[in-house]
2 protein chains.
Amino acid sequence: MKVSHIEHLGIAVKSLETAIPYWEKMLGSKCYNIEEVPEQKVKTAFFKVGQTKIELLESTSPEGSIGKFIEKRGEGVHHVAFAVDGLEENLAECADNGIQLIDKAPRGGAEGLSIAFLHPKSTGGVLTELCEDKNKK
Amino acid sequence: MKVSHIEHLGIAVKSLETAIPYWEKMLGSKCYNIEEVPEQKVKTAFFKVGQTKIELLESTSPEGSIGKFIEKRGEGVHHVAFAVDGLEENLAECADNGIQLIDKAPRGGAEGLSIAFLHPKSTGGVLTELCEDKNKK
């Protein structure tokens, strides 16, 4: 596998309304996109910091995975997303190496990316997302 | 404040011996430095992934902050480090904005950086490190 860079860092927040001004001040960078992903039950807000994006995640339902995460662990880093070329081949390689896939096939994520999650039980406790931007090619 | 990029992502691991081969395979990038920071009671291992480093942290004592973190939360992302210019001025700005400083003044970190930590209670649950590479100037 070859990761080119950290595509984004997902941070679980209770409220985008409170978190956006904090991160704008901390990073010195304006939030450039807010997007709802209904199938994930989240509203997301994006910032650029060098090569990487910060993706704030607010749950739109207590039943969603972000709602449950915050209930259990509080606000904080939720996942790390690595940019790869050839997401399907990379997923197959992960499976061959004994890594447990949450998504067995790529699916659509925020910002038009193809994404898939790997289970933190097999990735050293780091909820890991692989993503590919097919529009860039 | 103006962050140029994510300098590194600190990941708490139980054992570097187990974690290094996993991350070398996941990132497709060799560990290029192993360093002990006795005053932090940690042994660290570094990888490059684009602009950002992955810093694995193994506790050299159960009393150290990484040992306590793993006992409480398990392995996983421990902190996020942002690269800034002018660490002292940035710390003063953080304090002015009501952010609780763990380090009131810069101190030495791994890889020769000047670093300071901010308390996760005032940074949306993200243990935040600010760092400056004075050797680059």
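Just after helix α2(A), A:Gly74 takes a positive phi of about 85°. This value, like the others in this briefing, comes from a predicted model. In the other copy, α2(B) is likewise followed by a glycine, B:Gly74, with a positive phi near 85°. Chain B can be laid on chain A with an RMSD of 0.0 Å by a turn of 180° and a shift of 0.0 Å along the axis. That is the relation of a two-fold axis.

**Helix α2 in chain A**

- Helix α2 of chain A spans residues 65-73, and A:Ile66, A:Gly67, A:Phe69 and A:Ile70 are buried in this helix.
- Viewed down the axis of α2(A), the buried residues fall within an arc of 160°, so they line one face of the helix.
- Residues three or four places apart in an α-helix point the same way, because there are 3.6 residues a turn.
- The face of α2(A) turned away from the buried side carries A:Lys68, A:Glu71 and A:Lys72, which are exposed.

**Helix α2 in chain B**

- In chain B, helix α2 (residues 65-73) has B:Ile66, B:Gly67, B:Phe69 and B:Ile70 as buried residues.
- These buried residues of α2(B) fall within an arc of 160° when seen down the helix axis, so they line one face.
- B:Lys68, B:Glu71 and B:Lys72 are exposed on the other side of α2(B).
- The strands against which the buried residues of α2(B) pack are β1, β3, β4 and β5 (76-84) of chain B.

**The sheet of chain B**

- Chain B has an open sheet of eight strands with mixed pairing, in the order β2-β3-β4-β1-β5-β8-β7-β6.
- The edges are held by β2 (33-37) and β6 (107-108) of chain B; each has a single partner strand, so one side of each is left without a neighbour in the sheet.
- Strands of a sheet pair through backbone hydrogen bonds, in either a parallel or an antiparallel sense.
- Between β3 (residues 42-49) and β4 (residues 52-59) of chain B the pairing is antiparallel, over eight bridges.
- B:Phe46 stands opposite B:Glu55, which belongs to β4(B).
- Helix α1 (residues 16-27) of chain B packs on the sheet and touches β1 (3-13), β2, β3 and β4 of chain B. The direction of α1 makes about 5° with that of β3(B).

**Cysteines**

- With a disulfide requiring sulfur atoms within 2.5 Å, the count over all chains is zero.
- B:Cys94 is in no disulfide, and the nearest cysteine sulfur, that of B:Cys131, is 13 Å away.
- B:Cys131 is also in no disulfide, its nearest cysteine sulfur being that of B:Cys94.
- B:Cys94 counts as buried at 1% relative accessibility, and B:Cys131 counts as buried at 1%.

- B:Ser114 lies in strand β7 (residues 114-118) of chain B.
- With a relative accessible area of 17%, B:Ser114 is buried, because the cut-off for buried is under 20%.
- Not counting residues up to four places away in sequence, B:Ser114 touches B:Leu87, B:Arg107, B:Leu130, B:Cys131, B:Glu132 and B:Lys134.

**Meeting of the copies**

- Of the interface residues of chain B, 100% are also interface residues in chain A, so the copies meet through the same surface.

Methods: Residues are numbered from 1 along each chain as its sequence is written. Chains are lettered from A and ligands numbered from 1 in the order in which they are written. This is a predicted model: local features need pLDDT of at least 70, side-chain atom pairs count only at pLDDT 80 or more; totals for chains, interfaces and linings use all residues. Side-chain values use heavy atoms; hydrogens and water are left out. Copies are superposed by least squares on the C-alpha atoms of residues with pLDDT of at least 70 in both. Contact means heavy atoms within 4.5 Å. Buried means under 20% relative accessible area, exposed over 50%, partly exposed in between (1.4 Å probe, protein chains only). Two strands pair if DSSP finds at least two bridges between them. Helices (H or I, at least four residues) and strands (E, at least two) are DSSP runs, numbered from the N terminus. Axes are lines fitted to C-alpha atoms, for helices over the stretch in contact, and angles run from 0 to 180 degrees between N-to-C directions. The arc is that of the directions from the helix axis to the C-beta atoms.
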